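Subject: Structure for you, with notes

Hello,

Here is the structure I promised. Please open it next to the notes that follow.

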Amino acid sequence: MSPIIDVRNLNFSFINGEIALPVLKNVTIPIHKGEIVIMTGPSGSGKTTFLTIVGGLRQAIDGSVKVLGQQLINSTEQIKVNIRQQTGYIFQQHNLLKSLTAQQNVSMTLEMHNGMTEKERLERATEMLRAVGMGDRLHHKPDQLSGGQRQRVSIARALVGQPKIVLADEPTASLDKQSGQEAVTILKRLAKESGASILLVTHDYRILNIADRVVELEDGVINNA
Amino acid sequence: MNIFPWYYSPARLAWRQLIHDQTKLMAAIAGVLFACVLVFMQLGFKDALIASAATAPKKLSGDLFLMHKQSEAMWRPVTFKRNELMRALGHSAVAEVSPLYLGLAAFKTIETNIKRTLMVYGFDPDAELFDVETIKNKRIELRLKNTIIFDEYSRPEFGPVRQLFEAGRTETEINDYKIQIIDFFRLGISFAADGNVVTSDLNFMRMFPARNPGDIDMGVIRLHPGASIEQTKADLDKQLNSFVNIFTFAELIEFETKYWTETAPIGFIFGFGTVMGLIVGLVIVYQILFTDIANHRHEFATLKAMGYKQSYFVRLVFATAFFLAVLGFIPGLILSIGLYHLAESQMFMPMPISFSKVMTVFLFILSMCFTAGLLAIRKLKDANPADMF
């Protein structure tokens, strides 16, 4: 079976005027369906850059990045938008919309897709929030929630659309040990239930236990793929 | 296509973001309200000007009106020979002609003795040139020496003329000539004159000793019933000297209105004020939308990362602009109605607030907000998820 994320010989540089600063060097990594991969590495090693390329947020031009069978290298905006819509993204900060309640925030993922009524959307959002243990905080806005609760809402938002891929960028960075562990445990459980693959970048070594596989990125090079 | 995600969804998010921060919403509404009131007032003054420019000619009763071609407007006429008016009698459709004498004169206020300028209309009382009941009823008394009828709707600076009249103080001076007030009529002020007085042609000559009855300011022509006004006008155009203008009633009003709106700088001033109001409003709304996008750029970038397209945010910005326009317009309209009443009571000029004016201002405000939205959407490109995460 071909990998759900198939990255081969990816090179990426930031261009600043005339100077090219290489960030990713010849990165090759396949991720299979249902696999949970944690990418670690020190700050500035290129983890987040890698994640944004795979998530269709950043355009790379050298190598091959196939996500869900679509080539993202030199891709059109439409292809990138397609990939984004099929990917659940969990951010370092929770990045919830301040003006919306937990339920409305989660429902935003579903509003992009046609064919669902408002009632269905809110039901799905409620279901998802119950699954992350936030069923009693449906109508709270982000500033009425704790950091851990916000991140759980954000996990619900990423997973409510039943994505095949979940990308998480340091999801525990702003959380204490316990709520961080809780958050990733929930994430793992839900991903396993729905068969989604997870690519999680972090330098929080306390959560490596949830991974099926850990890869280390250092100075743009994969050490142990 | 399902309309829900296309417009309702971004509009709903725009609305939720707006009401989330109520302080900022209030400031935004105040900005639109300000522009709205400014535009309403400018248009109101402009309409009052147009309405007041025609108050006097609208009360004239006649079919055709002669004025010297060099006359810019009724308040500063160039005289022409009475003979010229009399020649119109040669046309078979003309029933009667009467001269109208116009002049600005100093009226001595009864209590304070301060002299203020007002407009004096002089004509043969039997000609019934003004379609005003009091003037018609008093035509016998007007024939007496030194009698005038005073416009009650003159500015209050002329003093409580009515009360003084009822208390028996009816005597004062116009151009240092002693006159008697015998009654009151209602006309209203214009930009040219703060007050009005009607008198007989003979009394007019007494107040303006330098004037000559043979030199008239305006000629009023009445036709026999059933005669064609247009046809007579065309005939007279050929017969009379080319230095006179012949106006129908409608043309006279248009001529007067046009003077104030176009020739005089006043029309321009209010037009300019309207544009300034819209520009100030535009800048305010633009600033609001711009900072709104800047404040929400993380959220927009998040939504983009989730797969929302650029066009969703463009619709969101325009929806925000639309809500601001409506939310600012409604209190703006209410406040403007109040200010119109206040201005009417202060200026003694009619300031009607019509449905078409309400619609005009709403369209102005709406296009102002949309223009601001159009200028602000370029800020959306800052919401780039790749640069933010």
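Some ground rules. This is a predicted model, in which local features need pLDDT of at least 70 and side-chain atom pairs count only at pLDDT 80 or more, while totals for chains, interfaces and linings use all residues. Residues are numbered from 1 along each chain as its sequence is written, chains are lettered from A and ligands numbered from 1 in the order in which they are written, and side-chain values use heavy atoms, with hydrogens and water left out.

**Chain A overall**

Chain A has six helices and 10 strands. Helices (H or I, at least four residues) and strands (E, at least two) are DSSP runs, numbered from the N terminus. The radius of gyration of chain A is 17 Å, close to the 17 Å that the globule rule gives for 225 residues, so the chain is as compact as a globular protein of that length. That radius is taken over C-alpha atoms, and the globule rule is 2.2 Å times the number of residues to the power 0.38. Along the principal axes, the C-alpha atoms of chain A fill a box of roughly 50 × 40 × 40 Å. Of the 225 residues, 55% are buried. Buried means under 20% relative accessible area, exposed over 50%, and partly exposed in between (1.4 Å probe, protein chains only).

**Helix 6 of chain A**

This helix covers residues 177–194. Its 18 residues should span 26 Å at 1.5 Å a residue, and its end C-alpha atoms are 26 Å apart, which agrees. The expected span is 1.5 Å times one less than the number of residues. Buried here are Ser179(A), Gly180(A), Ala183(A), Val184(A), Ile186(A), Leu187(A), Leu190(A) and Ala191(A). The arc is that of the directions from the helix axis to the C-beta atoms.

What do the buried residues of helix 6 of chain A pack against? Their partners are strand 6 (87–90), helix 4 (118–131), helix 5 (147–159), strand 7 (165–169) and strand 8 (197–201) of chain A. Contact means heavy atoms within 4.5 Å. The face turned away from the buried side carries exposed Lys177(A), Gln178(A) and Glu193(A). At the N-terminal end, Asp176(A) caps the helix: one of its side-chain oxygens lies 3.1 Å from the backbone nitrogen of Gln178(A).

**Asp219(A)**

Asp219(A) sits in the loop between strand 9 (213–218) and strand 10 (221–222) of chain A. Its phi is near 50 degrees, a positive value in a residue other than glycine. Asp219(A) counts as exposed, at 51% relative accessibility.

**Chain B overall**

Chain B has 15 helices and 11 strands. Its radius of gyration is 30 Å, well over the 21 Å that the globule rule gives for 389 residues, so chain B is more spread out than a compact globule. The C-alpha box is roughly 95 × 55 × 30 Å along the principal axes. Buried residues make up 53% of the 389.

Helix 14 (residues 355–376) has 22 residues. Its first and last C-alpha atoms are 31 Å apart, close to the 32 Å expected at 1.5 Å a residue. Its buried residues include Val361(B), Phe362(B), Ile365(B) and Leu366(B). The buried residues of helix 14 fall within an arc of 170 degrees, so they line one face of the helix. Their cover includes helix 2 (22–53), helix 11 (265–295) and helix 13 (310–347) of chain B.

In helix 12 (residues 297–306) of chain B, eight of the 10 residues are buried, so the helix is largely enclosed by the rest of the structure. Among them are Phe300(B), Leu303(B) and Met306(B).

**Two loop residues in chain B**

Ser190(B) is in the loop between strand 7 (177–185) and strand 8 (196–200) of chain B. At 16% relative accessibility, Ser190(B) counts as buried. Leaving aside neighbours within four places in sequence, Ser190(B) contacts Ser52(B) and Met349(B).

Asn113(B) lies in the loop between strand 3 (94–108) and strand 4 (115–123) of chain B. Its phi is positive, near 65 degrees, in a residue other than glycine. Asn113(B) is partly exposed, with a relative accessible area of 45%.

Best wishes

Methods
Polar contact = N/O pair within 3.5 Å; in protein donor to acceptor, adjacent residues only side chain to side chain.
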